[in-house]
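Here is a short report on one protein chain and its ligand. Please keep the sequence and the structure open while reading.

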Amino acid sequence: MSLILEEITISLKRGKKLIDGLSLSVAHGEIFTVMGPSGSGKSTLLDAVGGNLGKNFDLKGELTLNEQDLLLLPPEKRNIGLLYQDAILFPHLSVGENLAFGLKDKKQGRAKRRAEIDKALRQAGLDGFYDRDPATLSGGQRSRAALMRTLLSEPAALLLDEPFSKLDLDMRDEIRSFVFSSIYERNIPALMVTHDPSDAVAANGPSISIQVI
Ligand code: ADP
Ligand code: MG
């Protein structure tokens, strides 16, 4: 088991509990789905795992990734990738420069960097898109580019916050399979939160439901 949440309780400092004693573990190459309605604390839970919980929240419990205590690490040292429903690409950079931003090894030579980005663009069905302005991409193309930017940082785990909810129905299945197969291929644990039951079915992994408390 590689990503482990043990008895995670998240409360607002003024006392209201959002998540109450949640335990789960996510294996390598597995997508674990947490289902819950709007306001049940899904995004807050992912903030806690990624290290981005606001100061007005209180976190109890244990969080480990590959035996490392995440609670001792600031967000930038956790090596966790995030994918949100609003796939935001920097508008002042080209598509390729956006992907370059994600590259883990920025010190390798220019030609090698370019080759790595072109390969990622090809994998995402965006062959030849290096110089494109992100504003000219469709929603699906933007999602795929954002996923590749995240994956180029070689994260040890991935957090997905309703990543498909804003996509048109006709492309949702295609993007979802692309994201999921990229996760299986890299064999990293992924924690997905969603209110869409079809996401959990497609993830083909364990799932639990949380409620508004
Ligand atoms: P979900 O993602 O499941 O819709 P959230 O995690 O965004 O739920 O929010 C859970 C609850 O926490 C909501 O009631 C929301 O209003 C509250 N909340 C979220 N962020 C903050 C914050 N920074 N300060 C106070 N309350 C917050
Ligand atoms: Mg949310």
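The report goes from the ligand site to the cores, then to single residues and loops.

## Ligand site

The model is predicted. Which residues are around ligand 1? They are Leu 12, Leu 18, Pro 37, Ser 38, Gly 39, Ser 40, Gly 41, Lys 42, Ser 43, Thr 44, Asn 56 and Phe 57. By class, four of the shell residues are nonpolar, seven are polar and one is charged. Helix H1, residues 42–50, gives the most to this shell, with three residues.

A backbone N or O atom of Gly 41 lies 3.1 Å from an oxygen atom of ligand 1. A polar side-chain atom of Lys 42 is 2.9 Å from an oxygen atom of the ligand. On Asn 56, a polar side-chain atom sits 2.8 Å from a nitrogen atom of ligand 1. On its own, ligand 1 has 560 Å² of accessible area, and the protein covers 60% of that.

## Helix H1 and its end

Why is H1 described as largely enclosed by the rest of the structure? Seven of its nine residues are buried, so the description follows from that count. The buried residues are Lys 42, Thr 44, Leu 45, Leu 46, Ala 48, Val 49 and Gly 50. Lys 42 and Thr 44 also belong to the shell around ligand 1.

Just after H1, Gly 51 takes a positive phi of about 90°. Leu 72 is 21 residues from Gly 51 in sequence, and their C-alpha atoms are 9.7 Å apart. Leu 72 is placed in the loop between S5 and strand S6 (80–84). Leu 72 is exposed, because its relative accessible area is 68% and the cut-off is over 50%.

## Phe 57 at the ligand

Phe 57 lies in strand S4 and is part of the ligand shell. Beyond its neighbours within four places in sequence, Phe 57 is in contact with Ile 10, Ser 11, Leu 12, Lys 13, Leu 18 and Thr 44. Leu 12, Leu 18 and Thr 44 are also around ligand 1. Phe 57 and Val 34 are 23 residues apart along the chain, with 20 Å between their C-alpha atoms.

## Two nonpolar cores

In soluble globular proteins, nonpolar side chains tend to be buried together. How many residues does the largest nonpolar core have here? The count is 34. Leu 99, Leu 121, Leu 158, Leu 160, Val 179, Phe 180 and Ile 183 have the most contacts inside it. Two or more residues come from each of helix H2 (95–102), helix H3 (110–123), helix H4 (139–152), strand S7 (157–161), helix H5 (169–186) and strand S8 (190–194). A second, separate core has 28 residues, among them Ile 10, Phe 32, Leu 46 and Leu 65.

Leu 99 lies in helix H2. Leu 99 counts as buried because its relative accessibility is 0%. Leu 121 is 22 residues away along the chain, and 8.6 Å separates the two C-alpha atoms.

## A buried arginine

Is Arg 176 buried or exposed? Arg 176 is buried, because its relative accessible area is 7% and the cut-off is under 20%. Arg 176 is placed in helix H5. Not counting residues up to four places away in sequence, Arg 176 touches Phe 164, Asp 196, Ser 198, Asp 199 and Ala 202.

## Two asparagines with positive phi

Most residues other than glycine have a negative phi. Asn 66 has a positive phi of about 45°. Asn 66 is found in the loop between strand S4 (57–65) and strand S5 (68–69). With a relative accessible area of 34%, Asn 66 is partly exposed.

Asn 204 also has a positive phi, of about 55°. Its loop runs between helix H6 (197–203) and strand S9 (207–209). Asn 204 is exposed, with a relative accessible area of 67%.

Definitions and conventions: Residues numbered from 1 in each chain as written. Chains lettered and ligands numbered in written order. Predicted model: local features only at pLDDT ≥ 70, side-chain atom pairs only at ≥ 80, totals over all residues. Heavy atoms only, no water. Near = heavy atom within 4 Å. Polar contact = N/O pair within 3.5 Å; in protein donor to acceptor, adjacent residues only side chain to side chain. Areas by Shrake-Rupley, 256 points an atom, 1.4 Å probe, with all protein chains shown as cover. Helix = DSSP H or I, 4+ residues; strand = E, 2+ residues; numbered from the N terminus. Nonpolar A, V, L, I, M, F, W, Y, C, P; charged D, E, K, R; others polar. Core = buried A, V, L, I, M, F, W, Y, C linked by side-chain atoms within 4.5 Å. Buried < 20%, exposed > 50% of the residue type's maximum accessible area, 1.4 Å probe, protein only. Contact = heavy atoms within 4.5 Å.
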